[in-house]
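Hi,

Have a look at it, then read on.

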Amino acid sequence: MGDMTNSDFYSKNQRNEANHAGEFGCTLQELRSLMELRGTEAVVKIKETYGETEGLCRHLKTSPTEGLAGTAADLEKRKLIFGKNFIPPKKPKTFIQLVWEALQDVTLIILEIAAIISLGLSFYQPPGEGNEGCGTATGGAEDEGEAEAGWIEGAAILLSVICVVLVTAFNDWSKEKQFRGLQSRIEQEQKFTVVRGGQVIQIPVAEIVVGDIAQVKYGDLLPADGIFIQGNDLKIDESSLTGESDQVRKSVDKDPMLLSGTHVMEGSGRMLVTAVGVNSQTGIIFTLLGAGGEEEEKKDKKAKQQDGAAAMEMQPLKSAEGGEGDDKDKKKSNMHKKEKSVLQGKLTKLAVQIGKAGLVMSAITVIILVLYFAIDTFVVKKKQWLPECTPVYVQYFVKFFIIGVTVLVVAVPEGLPLAVTISLAYSVKKMMKDNNLVRHLDACETMGNATAICSDKTGTLTTNRMTVVQAYIGDVHYKEIPDPDSVPAKTLELLVNAIAINSAYTTKILPPEKEGGLPRQVGNKTECGLLGFVLDLKQDYEPVRTLIPEEKLYKVYTFNSVRKSMSTVIKMPDGSFRMYSKGASEIVLKKCSRILNAAGEPRIFRPRDRDEMVKKVIEPMACDGLRTICVAFRDFNSSPEPDWDNENDILSDLTCICVVGIEDPVRPEVPEAIRKCQRAGITVRMVTGDNINTARAIAIKCGIIHPGEDFLCLEGKEFNRRIRNEKGEIEQERIDKIWPKLRVLARSSPTDKHTLVKGIIDSTQVEQRQVVAVTGDGTNDGPALKKADVGFAMGIAGTDVAKEASDIILTDDNFSSIVKAVMWGRNVYDSISKFLQFQLTVNIVAVIVAFTGACITQDSPLKAVQMLWVNLIMDTFASLALATEPPTEALLLRKPYGRNKPLISRTMMKNILGHAVYQLTLIFTLLFVGEKMFKIDSGRNAPLHSPPSEHYTIIFNTFVMMQLFNEINARKIHGERNVFDGIFRNPIFCTIVLGTFAIQIVIVQFGGKPFSCSPLQLDQWMWCVFIGLGELVWGQVIATIPTSRLKFLKEAGRLTEKEEVPEEELNEDVEEIDHAERELRRGQILWFRGLNRIQTQIEVVNTFKSGTSFQGALRRQSSVTSQTQDVTNISSPSHVSLSNALSSPTSTSAAAAGQG
């Protein structure tokens, strides 16, 4: 598809270029080939062809300072000639394709075949009437003209199969649509700063055109290709295109090429956009990917899997403690592995177990039926197998086969994948309203298991509206903003200049939007606080900036996490230089050798003065929860010109102008949200770049730490000292000593944050593996966000890089939204458990009834079509009903389940078995003595093709009524007594229960032959409903039995430690739809997985038998050491080819482990 659009694009463009050749001095082709050059080559090419970048700007009819004029006509023309900044997405799957995928399900295929055979046989009339002597039971069948109705069963089965397929496909389709909506919403929200008509404005990325002058700054994800025309200290991470993890330094004269999709890691500047959309470097790659579409994808998959296997073989060679280098390598090849989400792991395991049981049961059923029939007919009655009787016998065998398949169909919980999908999709939709934009579906469920949250301070816990509240100027410590007259005029002028010039010119304070509101802070909040301080001192920063525009700044050392300061050098009128600096006070003060006194004159500032100042000024400020910032300056002579690259010499010998205390007030709703987290068993830790006193003060205000508790507050340096051994390597045992008590990590670098997250996740100290959520907004938080189980990025303050690495975007940057996410996550988990509790009761009862019924009466009391109605329709509807329960605050009152807690708890097992006992007792009573109770004909041992009996209809009806009322019981899974609690808050549930009831009436009264039903009298209906109501009473009885007494009950669906290993999904991040999506898209993948796993186990056993056992054992030894690292697990996605899995030594042991 991409190919086509591309060629169209060119043919159109060739025409356009001919028309507009006179308008722009360069063609699309020229620009494309220019962007393929790098480094000095590019500089030379620009010089030769256009004569510097200014020349290129002239060719493209734009101005480096003013930008484009921005008239609609001009923009349209540019879009026409150079293309739009939009990469067309791959075509979504059509509904037909989704239907075809749903049809691939094994159980459905078996059913279809059985139904077709049954259909074919029903139309086959045996020759002659000689078949009286054939079977035992062909008697009374033919007289009613019932033989003609033999096709109905087959047709009904086919119909129900079609029903399931359509439901599954529709579900997938709507989910895909939702996901695309989400994608486009994320894309629409991304804006970029450009200069148009001399004004700096923000426009959606799709609106950028060739010739725009864009402003790039720290943390941006570049939206188009361009040429760097002016700026400072720009460093770019091009790993997304080149795979090189080192940052590339860009400069106008050495390497001016900026490529789309790369990240700005440092600095700022302007670029001239030269290629957009499908013509940019990212666009070209995308078009190549989209070109051969499907074939490419398949090849890709194969290649990926082989790489996967290869990568895995390498695994055991790595050291036990990978440390930092290990991570860098991983990042280099972009091999961030997403573990299968906890819930999916547990469900897969459970479904496989159930599937195996169902298979065994159905096989036994068929064998017993066939044997019984054969012995009864040929041994007991001593009949001959006559040729003309063959069709009759075959019909019997087909009927047995269909019963067997029915047992299997009922045993396999197809509703499960559906319930997961519905529940997740529903939650994601609702979470949007709670300001959580979920980018990866499984993140919302993982969040329910979270045991720890590492949160940033600025902007997440606090309002991110910085205001200066204290200042130390001219030897006086002012507790509030000083009167401008009390500050020496010299100092004041220096201060205003230092703040106005030495901050990003994009940072401004604008008048409030509403009357009486707070002034709007745009740009970096700390700088806004300082600019606000200038305004509070009745001064203005605009004139200073107009006098010295950004182009005139001589040199800028931008802020980064290593320097923790920012400095700007300007050339004075007399040719000398002046540098203004600002930064964290303890860092900048160390570099100061003078300080301005009360008269505004510099005086000597010795280390001991500094220590005194720290004690008297900085610590008291920090203890009030203020962030202290020091503003300083230094003058240089014009000759010799200083060596600007020697930072250590330049940033020394400064003169301190003042120290200010900036407050960032705690958000009013945060303390309550943190209390909820702690009550829910989640530890909140604060990781911040602020100093330790400020951090501690804020942590107390938030309620992260309570005075008198035993906890740790560490600084980054101290943390690093404690976790590293003599060689400077990080040791897990050392981290384990610290993290359980650590609550605040101050003055931390991004690597510290990553180390902490990794340390907590890898820790084996507690029996539950910790599930860690991390919040981040800066570019430097990327690694930590990726490493965490759930990464939250800030929607407003967050940089594009952070959003790219995150799982959930908080659209209001508010910590209390995280608590909502926890609530929804737990709700998903509970919804699935509720559904399981309901589903398994139905399955157990139906399988046992079909099995014993078949063995004792040679015919299942519940017919194939009835089973399908119960199974498919009730499962599908029940999954809708139970998966859409809204969350309640009560969910936050329990501890997180954690990774190792089984899906089906003891209480649930008690409920499932308890209800199964009730249902089975009643159904068997009805089956064997029902005809006497209701004074009707017995339906047992009815001949082939006989009309449906009232007896069996009552059994079917009772069975459905019991399920309906048990659905209400299933709403509670922790043994609560009031099952009706909050039932009216869920209209979907009420509608479905009533709807199912209505359809059931129709089926029984008018279903006739296809559903094997005969209409019932009112009193019979009353009895059915009454028995169903008994379920509710019985539910109360079960709730009374204490679970602790029932030690013999086993839990199911537990994830063992070894099972919980990452997937061989390497490089999958590249795809727009993450793994969970694909996982769910294959509605019935669980089933294949079961088969896959059995096959693999057989292969493994064979491999061991065929003399490789010694080698295998050796390999197993090596792979166990790497278990802590990323071991593959075979029972993961269904498309892993077996040979491939077996070529990897680790997987062999994993499979062996998985056999348990």
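**A buried threonine, and what else turned up**

T775 is buried, with a relative accessible area of 0% (buried means under 20%, exposed over 50% and partly exposed in between, using a 1.4 Å probe and protein chains only). T775 belongs to strand 24, residues 772-776 (strands are DSSP runs of E with at least two residues, helices are runs of H or I with at least four, and both are numbered from the N terminus). The T775 side chain reaches the backbone nitrogen of D456 at 2.9 Å. Beyond its neighbours within four places in sequence, T775 is in contact (heavy atoms within 4.5 Å) with residues including C454, S455, K753, F792 and I818.

Before the rest, some housekeeping. This is a predicted model, where local features need pLDDT of at least 70 and side-chain atom pairs count only at pLDDT 80 or more, while totals for chains, interfaces and linings use all residues. Residues are numbered from 1 along each chain as its sequence is written, and side-chain values use heavy atoms, leaving out hydrogens and water.

**The cores**

F792 comes up again in the largest nonpolar core: that core has 118 residues, and F792 is among those with the most contacts inside it, as are M447, I704, F815, I904 and F956. (A nonpolar core is a set of buried Ala, Val, Leu, Ile, Met, Phe, Trp, Tyr and Cys residues joined through side-chain atoms within 4.5 Å.) Helix 30, residues 815-857, gives the largest share, 20 residues. Apart from this core lies another, of 40 residues, C57, I227, I229 and L258 among them.

**The rings**

How many aromatic pairs does the whole structure hold? The search finds 12 (ring centres of Phe, Tyr or the six-membered ring of Trp within 6.5 Å; planes under 30 degrees apart are stacked, over 60 edge-to-face, the rest tilted). F95 and W173 are edge-to-face, because their ring planes are at 90°, with the centres 6.5 Å apart. F95 is partly exposed at 29%, and W173 is partly exposed at 32%.

Elsewhere, Y554, F577, F636 and W644 form one aromatic cluster.

Cheers

Note on methods: A polar contact is a pair of N or O atoms within 3.5 Å; within protein, one must be able to donate a hydrogen and the other to accept it, and residues adjacent in sequence count only if both atoms are side-chain atoms.
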